Amino acid sequence: MLTIDRAIIDAIVAHARRDHPDEACGVVAGEIGSDVPRRHIPMDNAARSMTFYEFDSMEHLRVWREMDDLDEEPVVIYHSHTATEAYPSRTDVSFAGEPNAHYLLVSTREPDSEEIRSFRIVDGVVTEEEVNIVDATVKA
């Protein structure tokens, strides 16, 4: 299960809406081994495509080095689908290279609503998981 702060989800959805009709992409970093997404890092889709996303190679290197320097890892790797459901495409599966990451997809095909789903992708096997959106500003 992916547990993620509502503010981060809202920022991801805003990024997806802002980049629509192109796919948006980015990561949410967290402390190594924690599986807790803490820091939203929107990235540029170098492909500038409605059907494909690709991290800019220099930005990718910079972000991964920054996470390494901060003892972080990519807990969530996200992107949007602009005309289809929030489910990984064959291309998404083939490029999924972080076996410990949650792959979050946001569909912006409907103008007034979003479909948000999360998956684990390991060795080409896609497993959907529950998304638990929490309000981190509220103390239990």
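Visitor: Is Asp69 buried or exposed, and what is its relative accessible area?

Guide: Asp69 is exposed, with a relative accessible area of 62%, where exposed means over 50%, buried means under 20%, and partly exposed lies in between (1.4 Å probe, protein chains only). Please keep in mind that this is a predicted model, in which local features need pLDDT of at least 70 and side-chain atom pairs count only at pLDDT 80 or more, whereas totals for chains, interfaces and linings use all residues. Residues are numbered from 1 along each chain as its sequence is written, and side-chain values use heavy atoms, with hydrogens and water left out.

Visitor: In which helix is the place of Asp69, and which residues gather with Asp69 in a patch of negative charge?

Guide: Asp69 belongs to helix H2, residues 57-69; helices (H or I, at least four residues) and strands (E, at least two) are DSSP runs, numbered from the N terminus. On the surface, Glu31, Asp68, Asp69 and Asp71 gather in a patch of negative charge. Patches of this kind are made of residues with over 30% relative accessible area and no salt bridge, like charges being joined within 9 Å and nonpolar side chains (Val, Leu, Ile, Met, Phe, Trp, Tyr) within 5 Å. Lys and Arg count as positive and Asp and Glu as negative, while His and the chain ends are not counted; the place of a charge is taken as NZ of Lys, CZ of Arg, CG of Asp or CD of Glu. The accessible areas come from the Shrake-Rupley method with a 1.4 Å probe, and for residues only the protein chains shown count as cover.

Visitor: How many salt bridges does the count come to?

Guide: A salt bridge is a side-chain nitrogen of Lys or Arg within 4 Å of a carboxyl oxygen of Asp or Glu, and by this rule the count comes to 11 salt bridges. One of them joins the side chains of Arg39 and Glu72, at 2.6 Å from N to O. Arg39 lies in strand S3 (residues 39-43) and Glu72 in strand S4 (residues 72-81), so the pair ties together parts that are 33 residues apart in sequence. Arg39 is partly exposed, at a relative accessible area of 25%, whereas Glu72, at 16% relative accessibility, counts as buried.

Visitor: Which residues are linked with Arg39 and Glu72 in a network of salt bridges?

Guide: The network of salt bridges links Arg39, Glu59, Arg62, Glu66 and Glu72. Within helix H2, Glu66 and Arg62 lie 4 residues apart, about one turn of the helix, and their side chains meet in a salt bridge of 3.9 Å, N to O. Glu66 counts as partly exposed at 28% relative accessibility, and Arg62 is partly exposed as well, with a relative accessible area of 44%. Another salt bridge is formed by Glu129 with Arg120, whose closest N and O atoms are 3.5 Å apart; Glu129 counts as buried at 13% relative accessibility, while Arg120 is partly exposed at 25%.

Visitor: How should I read the backbone, and which peptide bond is cis, with omega near 20°?

Guide: Most residues other than glycine have a negative phi, and most peptide bonds are trans. Here the peptide bond from His20 to Pro21 is cis, with omega near 20°, and Pro21 sits in the loop between helix H1 (6-19) and strand S2 (25-31). Asp71, in the loop between H2 and S4, has a positive phi of about 55° although it is not a glycine. Asp123 likewise has a positive phi, near 50°; Asp123 lies in the loop between strand S6 (115-122) and strand S7 (125-129), and counts as exposed at 77% relative accessibility.

Visitor: Where does UniProt place the feature "domain: MPN"?

Guide: The UniProt record, an unreviewed entry, places "domain: MPN" at residues 1-125; its positions are given in the numbering used here, feature names are shortened, and annotations may be inferred rather than shown by experiment. In the model, the end C-alpha atoms of residues 1-125 lie 16 Å apart, and the span is 26% helix and 33% strand.

Visitor: What separates the C-alpha atoms of His81 and Glu115?

Guide: They are separated by 9.5 Å, with His81 and Glu115 34 residues apart along the chain. His81 is found in strand S4 and counts as buried at 5% relative accessibility.
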